[in-house]
Amino acid sequence: MAAERVKRARYVGAPAQRVDGFDKVTGRAVFGADMSAPNMLWGQVVRSQHPHALIRAIDASAALACDGVAAVLTASDVPGDIRFGVVVPHQPVLCSDRVRYMGDGVALVLAETREQAAEAARLVKADYQPLPAVFDVEEAMRDGAPLIHDDYPGNVVVHHRVRKGDVEAGFAQADLILERDYATQLVEHAYIEPEAVLALPGRGGGVEVYGSIQNPFSCRRAVARVLGLPLAKVRIVQCDMGGSFGGKDEVMSAMSARAALGALLTSRPVKMVNTREESLVESYKRHPYRMHYKVGVTREGRITAMEIRMVADAGAYASQSPFVTWRSTVQATGPYEVPAVKTDILAAFTNNTYTGAMRGFGAPQAVFANESLMDEIALELGIDPVDVRRLNGYRQGSVTATGHKLDEHTVSLMEVIDRATEAAGWREKRQRLPLENRGKTIVRGIGMACSFRGCSLGAEGVDATGAIVSVQTDGSVIVSTGLAENGQGLRTIFSQIAAEELGVDIGRIVFLPCDTSGVPDGGPTVASRSTIMGGNAVRDAARKARRALEDAVAQELGVSSEEIEAGFEEFSAIGDRTLRVGFDQAVAMAWNQARLMASFGWHQAPKVNWDEHVGQGKAYFTYVYGCQVAEVAVDTATGQVRVERLTAAHDVGRAVNPQAVQGQFYGGMAMGLGYGLLEEVELKKGATRTKNFDQYLIPTAMDVPEMIPIVVENHDPYGAYGAKTIGEPTCEITAAAIANAVAHAVGCRVRELPLDMERVLLGECLRVARGERGSERP
Amino acid sequence: MARVTLTVNDRQVTLDVHPGERLVDTLRDRLGLTGTKEGCGVGECGACTVVVDGDAVNSCLVLTVQCDGAAILTVEGLAPAGQLSRLQRAFLEHGAVQCGFCTPGMLMSATALLARNPRPTREEIRAALAGNLCRCTGYEQIVQAVEAVANEAE
Amino acid sequence: MSIRMPIAEVYRTSSVDDALAFLAEHPGARPLAGGTDLLVELRTRWGGPLVGKPGGAQGADGGGGADLSPASLLDISGLPELRDIRADGRKLVIGACARVAEVASSPQVAAAAPTLAQAAGSVGSVQIRNRATLGGNIMNASPAADSLPALAVHEAVCVLRSQRGGERRLRLGELVTGPYCTCARPDELLVAVELEGGSGWRQSYMRLGRRQAMTIARLIVAVLMRFEGSTVADVRISAGAAFPSPRRIEPAERALLGAPFSRAAAREAGEAAAEEMVRVCGIRWSTRYKQPVLAALVERAVRQCAAKEGLDEWPE
């Protein structure tokens, strides 16, 4: 069809301003906590006071006697199933008989004001019988450890295996065998907006929930399940989101279900907003991992075999642990050809705060380990770290550790390595810095890290999503999708794609908030899948809408649809350029011809497959490749690390919005820097000690270094306009690059994150973290 | 209850407030100015930053009774007639906005900075924004936006 | 919607005399200046966080007293007579309600006590410095308070006033008796701080934090040195986040005083300071880190003073 001819893109690839930017710089954007409704109640959760205990009784009489208290709800008031969960539905919205971590809710107080709700919440008396608790993953898996969930023997949530080739033979061929242990910490998403919802009684006995909800459809499933309502009676509408990074999923399902329960039972609106402390205590975190690597290499540096064991702390509930750890299995060896691989990755329950999805999703941990290991190999063999990666790295047609032959897209690992290291001046600095460091207390180093990352969900599950493009009778256009804006700029990208495909000014496009009753379930907004999946769905819908207009114009002009060409804001006949019809006019024609101008787009991910017994298959339909170089200064007298420069090259397929892509680079690197140097949620017997931003430190404007983004574009056959993904890759390798730079600077290696002052100076952590390790904090 | 008179975005208001009422709550809940955000409640994140008598302050750590007679500028006051300020436009042009939750506080800190020091250096900008946490942008495009306005100053 | 602070009353005073009268009549009342510490404490005490056990049974909340009764506050932030910063001969007099931002940018402070200006500039963020006061930083008496080591080396005298007792002048080390403790009586108000200024001091202020901004100090070192030729004629050394209360570290000063400056002496001073910290505080969880690092920072600060005199080079 003529209209399918390649045109010069007007919006795709151009730096469009954010479509929600005006609202966000004027204070008009509506976030969850900005919502209110007449006659609303405030909801306040009463949380557990033990990491593991039986609930004998809950006495709410004193709370009910307080001024302004409308109700105190407990598990017994839940009409449906008290338990929800995306993978394993076993997380109680309010605990009935047992608490498993300090963030568990046991009651919900509803009162006229927040003040009254808080006062009354203090008076709810829960009678607990403490149970033995376990805070260390290895202890949790030992015989005799307290069982957190009765149906999970050994507290093992999941055990993923990869079996490829003959590992023993591989080690036999090696000239050098290294064994190393690495560990990473518990980390908070630290979205600046704490969780907030407003629930309203809905039509026909249903409910509506507005709030800071990352995945409205998984939230809807949880609310419907808890309230015993059909999905159609539960409407979830996303507000403007103050950041999520994977973090506003299950915690929002719980909050939404609680507020909706209150709205259903009191027939009044219920608002809930977490304090930062509540957020830090209740919300799930990034998994801490302990990782053991055994690797065999030849004298030349070629890897012959790898044996890997990782254990992730799942905390109290399964949440996304099975999927998070599955992604780790694919990325565990890094982007390197390894003929023989044996990988075992487990997640275990403890009474710590539960862990789930966070930007990177099981990759940053594995990348920290395997990229540290690559540098350790290079050091042992006296090879430059770039060379050991070039020797083993994936090239066109390489086969991954999980058995996927990479021949459908451009394998650009070498390109990103070259681009990043050249821009950073790698060879020269790698040689010069150690010479300059002699005799100095402040020493400098340069380090690198790489990754390959599967796009979208891969073999995790069903991967499809939809969009609606509805042309209005005046030529304005409404776009809505099942994927959600979490701050990353999805509305803008999708508006660009819709404008591009319709051939109209982007000013015509209005993007609606994600509303579960207005669009079909498009799966979760996770795994950096918005552009690659949703972009294709929007394109499909817009293309169909455009065709309706082309048909209308063709009918009006008395030519065939094939003879109509869509230009910018106009349609014309291919044979006779004098026959031109403006977009508004075309809309009027279609309306007069009684044509449907709204269309529905749908995109299914290409097929993938997975054999879970051996961990082999086509894990993802495509991958992104990235390389970052960190330059650091280390004060050897204090252990303080200052990152001076970060250079990042990532193959994004195509940058639909170059400015937004750069924003993902900068933001991802800053988050990776926090992971590498600063951040650690400290738990003591399951109780959170880092309860606010004075204790949990994320990078400030003073902490971020000069950052050099290098956008590499190799058109992907499966991408929307060739675009792949970028949100997570930028975040997953920074910490590893920093750790390698610190090792280069100081000459010894820290194998545990974060590289705080104590670890760098003394080689170990002095603070309480990861259960019972470390010593006391004052 | 105490009676206070505030000038908020050039509009004078008189309110009876509880002695424990925070300025952030007065602005958001009583005056409907929800552009000012609360992220931590303890003066660490800066999302609640407003300008009081020319100074950027955390409105979660100010009691409204302490503001009697004060002139307060919030994000809603930057574009009173819908006309964006130069700084607001620069935020849009440089991609300084992602989720937008820190944006009002960032704008207020930067507005106070530029009022006092119209041509700050990059380092001065970073120092002035150090009390405003952002988790999305890595700060780079925010600093670029403020820098762009500074570079245009006489 | 609001989080309401547990405050029964905020008395807005118009003069120091009126404030003192109020304190005399309301022994439980607490002065409120910038509020950047007090309001955080009240929010926590109220249980604003609403996590864990009320009353701080988890310990770390600082709400151990479980005192949920509303506070009575005396707002002194509006008293212009307490905001003055002036040089009085060789003395620098800073009103207790001078904001930390004003201290950081005051030409008088920069001239007489640059260490204090630097200390004030490293407090929190712009927003915090615009509210927080020097008097508040002192009376909160955090062992990690940014200003205290700078005030200690300048032999600060704190001027307290009460209706009953009139004026009382205490040295900083006498006023601050321990972590978050002062010997001020409930009816006393800190009105001013007097510093011994003077020229001829070489000064160094070093602050180590986990982050580049907005973080509680892990260690602070303030050093003043006066040289005659290459001989150390006078020296004052103090450290923050290292001792329970502000003080000069005499064993470290002795390692330098009266002798020609040398790098070896600088190192010795550092080690003496670290040993003194361990002697006073005992072995704690952080000692393995803080002992060598305090030694290094004191050594570095001393070398920086010497470098300003042309006797050493720092930074390397």
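A: Let's begin with the charges of chain B, which has 13 positive and 18 negative side chains, with the centres of the two sets 3 Å apart. Here Lys and Arg count as positive and Asp and Glu as negative, while His and the chain ends are not counted. The place of each charge is taken as NZ of Lys, CZ of Arg, CG of Asp or CD of Glu.

Keep in mind that this is a predicted model, in which local features need pLDDT of at least 70 and side-chain atom pairs count only at pLDDT 80 or more, while totals for chains, interfaces and linings use all residues. Residues are numbered from 1 along each chain as its sequence is written, chains are lettered from A and ligands numbered from 1 in the order in which they are written, and side-chain values use heavy atoms, with hydrogens and water left out.

Now for the build of chain B. It contains five helices and five strands, and from the N terminus on they follow the order β-β-α-β-β-β-α-α-α-α. (Helices, H or I with at least four residues, and strands, E with at least two, are DSSP runs numbered from the N terminus.) The C-alpha atoms of chain B fill a box of roughly 45 × 30 × 25 Å along the principal axes. A compact globule of 154 residues would have a radius of gyration near 15 Å, and the 15 Å of chain B agrees with that. This radius is taken over C-alpha atoms, and the globule rule is 2.2 Å times the number of residues to the power 0.38.

How much of chain B is buried? Of its 154 residues, 69% are, where buried means under 20% relative accessible area, exposed means over 50%, and partly exposed is in between (1.4 Å probe, protein chains only). Chain B exposes about 4,800 Å², and carbon and sulfur atoms supply 47% of that; the areas come from the Shrake-Rupley method with a 1.4 Å probe, and for residues only the protein chains shown count as cover. Contacts, meaning heavy atoms within 4.5 Å, can also be sorted by sequence separation: in chain B, residues 24 or more positions apart account for 55% of the contacts with a separation of 6 or more.

Leaving out residues up to four places away in sequence, B:Phe91 touches A:Val25 in chain A, and in chain B it touches B:Ala96, B:Val97, B:Thr103, B:Met106, B:Leu107, B:Ile142, B:Ala145 and B:Val146. B:Phe91 belongs to the largest nonpolar core, which has 310 residues; together with A:Tyr293, C:Leu116, C:Ile138 and C:Leu151, it touches the most other members. Such a core is a set of buried Ala, Val, Leu, Ile, Met, Phe, Trp, Tyr and Cys residues joined through side-chain atoms within 4.5 Å. A second, separate core of 43 residues includes A:Val477, A:Ala541, A:Ile564 and A:Ala723. In soluble globular proteins, nonpolar side chains tend to be buried together.

That brings us to chain A, which has 20 helices and 32 strands. Its radius of gyration is 27 Å, close to the 28 Å that the globule rule gives for 778 residues, so chain A is as compact as a globular protein of that length. Of those 778 residues, 68% count as buried. Residues 24 or more positions apart make up 80% of the chain A contacts with a separation of 6 or more.

A:Ser267 has a positive phi, near 60°, in a residue other than glycine; it sits in the loop between α7 (250-266) and β14 (270-273) and is exposed, at 55% relative accessibility. A:Ala527 also has a positive phi, near 55°, but this residue is buried, at 14% relative accessibility, in the loop between β21 (509-511) and α15 (530-557).

Finally, turn to chain C. C:Glu299 lies in helix α12 (residues 287-308) and counts as buried because its relative accessibility is 17%. Beyond residues up to four places away in sequence, it touches C:Ala266, C:Arg267 and C:Gly270. After α12 comes the segment that holds C:Pro315, and a cis peptide bond with omega of about -5° joins C:Trp314 to C:Pro315.
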